[in-house]
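Dear colleague,

Please find below the structure that I am handing over to you.

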Amino acid sequence: MRGLDGKVAIVTGGGQGIGRALSLRLAAEGCKVAIFDLSTAAGEETAKLAGPGATVRTWQLDVSDLPAVQAAVEAVEAELGPIWALVNNAGWDRPAPFLKTTPEFWDKVISINLTGNLNTHYAVAGRMVEHGGGRIINIASDAAKVGTAMEAVYSACKGGLISFTKSIARELARKNVLCNAVCPGPTNTPMMAEVAGTGPEAEKWKAALERGIPLGRMGEPEDYAGIVALLASEDGAYITGQAISVSGGMNMV
Ligand SMILES: NC(=O)c1ccc[n+]([C@@H]2O[C@H](COP(=O)([O-])OP(=O)(O)OC[C@H]3O[C@@H](n4cnc5c(N)ncnc54)[C@H](O)[C@@H]3O)[C@@H](O)[C@H]2O)c1
């Protein structure tokens with residue numbers, strides 16, 4: 001992709017799953033990558049996988065903690081340089097029927113999947129404006145577009161994230177800060193492994209899911225790396241305010 005070499009990119013949740021694949025791809029494109037993750041060890045493992053030639057550093061934090069996010073953003077600019085791209089990927093859920101969940105559970109889901117993203121935009125977007133531009137890529141979900149049983153509050157957060165992306169894209173377009181959302185479908189990640197479980201029931205559930213996907217398989221973390229690199233690059237310079245599904249054709253919306 002054009003224009004990524006030497007640029008600084010933050011990837012939240014870059015310690016495993018989709019965020020790891022995004023971090024590795026941006027590092028391969030020449031970006032200096034700052035991982036914001038709950039787990040230092042997971043971030044360091046991503047850095048190891050990126051290889052000795054890459055610059056991949058980890059800041060251990062919870063994206064729902066605004067002061068921690070602000071302090072890390074300050075440190076990233078001091079250590080790596082002006083931030084060009086922000087990839088909001090950190091997310092969390094535990095599927096359950098809505099009527100069996102509690103307000104405490106909703107608060108946790110909202111604080112990570114919605115407020116966490118507001119925090120990072122709040123800490124980073126003003127700096128991008130000062131630097132003359134930047135790119136924000138929010139990892140939402142097709143669940144936001146079509147709904148998902150057992151994930152009502154999570155889906156509401158992802159829907160909110162798409163609306164926020166479109167609104168902030170309008171606010172910041174004239175400042176050359178471009179904002180888009182990428183919407184994965186079901187993807188083989190540690191989060192999915194935890195949700196799906198193991199054994200014959202889990203395999204049956206996965207097979208049924210795959211039958212509903214026109215391309216015939218679940219997503220892999222690497223399936224999102226190309227679109228995210230493109231949106232962060234000069235090749236994405238005329239794309240803003242979009243919510244792009246990458247889900248094997250599962251939902252053609
Ligand atoms: N896996 C799927 O099927 C799927 C489908 C659609 C959308 N998504 C979205 O893709 C993104 C990545 O999902 P994944 O499956 O790779 O998840 P994962 O659980 O495998 O990895 C998430 C990473 O984010 C980090 N993280 C979680 N909460 C955090 C917090 N509060 N602060 C900082 N870091 C935090 C974790 O430590 C982990 O490294 C999420 O936003 C998720 O909602 C996933």
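A polar contact is taken here as a pair of N or O atoms within 3.5 Å; within protein, one must be able to donate a hydrogen and the other to accept it, and residues adjacent in sequence count only if both atoms are side-chain atoms. The model is predicted, so that local features need pLDDT of at least 70 and side-chain atom pairs count only at pLDDT 80 or more, while totals for chains, interfaces and linings use all residues. Residues are numbered from 1 along each chain as its sequence is written, and side-chain values use heavy atoms, with hydrogens and water left out.

Ligand site

A backbone N or O atom of Met 191 lies 3.2 Å from an oxygen atom of the ligand. For Ile 18, a backbone N or O atom is 2.9 Å from a ligand oxygen atom, and for Thr 189 a polar side-chain atom is 2.5 Å from one. The protein covers 93% of the 830 Å² of accessible area that the ligand has on its own (Shrake-Rupley method, 1.4 Å probe). The ligand is surrounded by 27 residues (a heavy atom within 4 Å); the closest include Asp 37, Asn 89 and Tyr 154.

Helix pairs

Helices are DSSP runs (H or I, at least four residues), numbered from the N terminus. Helix 1 (residues 17-28) packs on helix 2 (residues 40-50) at about 40°, with the axes 10 Å apart (lines fitted to C-alpha atoms over the stretch in contact; angles run from 0 to 180 degrees between N-to-C directions). In this pair, Arg 20, Ser 23, Leu 24 and Ala 27 of helix 1 meet residues of helix 2, including Glu 45 and Leu 49 (heavy atoms within 4.5 Å).

Helix 3 (residues 66-80) and helix 4 (residues 103-131) pack at about 30°, with their axes 8 Å apart.

With kind regards

Definitions and conventions. Helices (H or I, at least four residues) and strands (E, at least two) are DSSP runs, numbered from the N terminus.
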